[in-house]
Amino acid sequence: MTVRSINPRNGQVVKEFVSNHPDDVLSTLMKGRDAQRKWMSEWVNEERIEAVLELRSALLSMKEELIATEMLEGGFPQKDVIGTYNGVIKGFEHYAAEAKATGDYEFPLDPAGWPDTKATINLVPHGVIAHIGIWNYPLWQTMITLIPALMAGNAVVFKPSELTTMTGTMIQQAFDRTSMPSGLLQTLIGGPEIGKAMVNAPFDALVFTGGRATGLDITRNAGVKPMVLELSGNDPGIVCSDVNVQEAARGVASGAFSHGGQVCIRIKRLYVMESMADAFIAELLKVVARIDVEGQIGPLIREEARTKVREKVQRAVRSGCELLTGGENIPGPGYYFEPTILKVTDDSLEIIREETFGPVLPIRVVRDEEEAIRLANQSDYGLGATVWTRDPIKGEAIARRLEAGNVWINEHGRTINCGELFQGWKCSGIASTNRRITLFMKKRTIVNHLSSEARPHWFK
Ligand code: NAD
């Protein structure tokens, strides 16, 4: 099979790749196993961290080419690509500090019940991790797994999304410039058929970023193995009546439309207080009219994606939503779609209930904050949410009632330290542990009876 990288700004094929065969998956797993044993037996923690930092040097030396490639095959705005590239480079420091600070620890036992006994929590890498990748931030989304997974002592078999294979193979090229054991990172090329073979193979853990439907399929096929699932979102935004409408409109427009809305954390439904809804919506429409679609939000990734978004907007309009702006493809080359705002009154509509992966914002006018919180939480998803208010205490009080793993106040979508602490609730994923690096480790609890004398509870 052939996999094609296409420039979404003009629809032209940029590069073709021959896909791997599903049978290749097992051999990468075996090779990864050998490399991982070597990684753990011949390198100590500090050496592993230093070697992973060589990957940062390799990415720095490939900076221009990497950014150009990601922009070319993703169609993403330059600012977004540079921002996430810089985030990755900084992320190495964060995970290096985490890897140094993470290790075995003693669990205190009550000596009255546990005389002469020591409990040690021994942290060990999973082994070989399968990572099925996504296309919307092909470097960032890969590196938030790869850096901590390698530093934790794992090998990784990585399948980039078939939509961004060029960026995926460049990550492998960067790895190949380091002194890490050959086979510690291997890249498989292909689409769902390779992903499915990875899910079925006996990897020690699985990391998947992508749609909820694919995530559900994966849970059906993966058997029992540790999984990190980072899935779809349908982030609600709440605009309180005390906002400065000019400023909040700019923030909401960026939070909804930047990166073409093709982000798991984007404002995908907005609840606005009726007391100032007209003024706020008028201001938002002015901001949207000023957006430079080519430069600031970019095209959608494929024609099929654009068709899906357009048809969904049309269904919403047929169901009674009021189209305030947008709703159409932008004529000319590329998969551009107009930034779109709809006014919605029916909370059961698909446009409110299901994630739209594009520049579309449905707005629902609400009586008060209580109604907004109730409707915001009335969702299968729980990835992100956002509150807009001039009162930070009120903002935090509302944030604490929102059912989402990531809540912003007067901002949306800025993630902390290269994916650290990022997590989805409900159908948006399997909630992560407190520290991301520990997602790539398992623990062994060692209970050591320091004395070999008979214990009172043993059989006489
Ligand atoms: P997708 O789910 O169709 O594909 C993602 C990856 O899975 C690709 O590499 C693909 O080849 C592979 N794949 C497809 N079907 C498979 C199967 N049955 N078994 C195994 N692998 C399979 O991707 P998409 O739906 O275009 O991605 C967009 C979605 O990703 C959005 O819903 C977005 O919210 C979500 N997303 C989530 C996060 C997060 O961190 N939570 C980040 C980015 C994107």
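Predicted model: local features only at pLDDT ≥ 70, side-chain atom pairs only at ≥ 80, totals over all residues.
## Two domains

Let's start with the overall layout. The protein chain divides into domain 1, covering 2-231 + 429-446, and domain 2, covering 236-409. Their C-alpha centres are 31 Å apart. Where the two meet, domain 1 contributes 13 residues and domain 2 contributes 16 residues. On the domain 1 side of this contact, 6 residues are nonpolar, 5 are polar and 2 are charged.

## The parallel sheet and its helices

Next comes an open sheet of 5 strands with parallel pairing, in the order β7-β6-β5-β8-β9. Its edge strands, β7 (185-187) and β9 (227-230), each pair on one side only. From one strand to the next, the twist averages 15°. Within this sheet, β5 (residues 128-132) and β8 (residues 205-209) run parallel and are joined by 4 bridges. Ala-130 has Leu-206 in β8 as its bridge partner.

Helix α6 (residues 165-176) packs on this sheet, where it touches β6 and β7, and its direction makes about 150° with that of β7. Helix α1 (residues 24-41) lies across β5, β6 (155-159) and β7, and runs at about 145° to β6.

## The antiparallel sheet

There is also an open sheet of 3 strands, ordered β3-β4-β19, and here the pairing is antiparallel. Strands β3 and β19 (441-449) form the edges, each pairing on one side only. Neighbouring strands in this sheet are turned by 30° against each other on average, direction ignored.

The pairing of β4 with β19 is antiparallel and extends over 9 bridges. For a landmark you can find in the viewer, look for Ile-121, which stands opposite Thr-445 in β19.

## Lys-159: buried or exposed?

Lys-159 sits in strand β6. It counts as buried because 26 other C-beta atoms lie within 10 Å, and the cut-off for buried is 20 or more. Leaving aside neighbours within four places in sequence, Lys-159 is in contact with Ile-132, Gly-133, Leu-188, Gly-190, Ile-194, Gly-195 and Met-198.

Gly-133 is 26 residues away from Lys-159 along the chain, and their C-alpha atoms are separated by 5.8 Å.

## Asp-110: a loop residue

Asp-110 belongs to the loop between β3 (105-107) and β4 (117-125). Why is Asp-110 classed as exposed? It has 8 other C-beta atoms within 10 Å, so it is exposed, given that the cut-off for that class is 12 or fewer.

Key. Residues numbered from 1 in each chain as written. Pairing = 2+ DSSP bridges. Helix = DSSP H or I, 4+ residues; strand = E, 2+ residues; numbered from the N terminus. Axes fitted to C-alpha atoms, helices over the stretch in contact; angles between N-to-C directions. Contact = placed C-beta atoms within 7 Å. Domains from an automatic or database assignment. Nonpolar A, V, L, I, M, F, W, Y, C, P; charged D, E, K, R; others polar.
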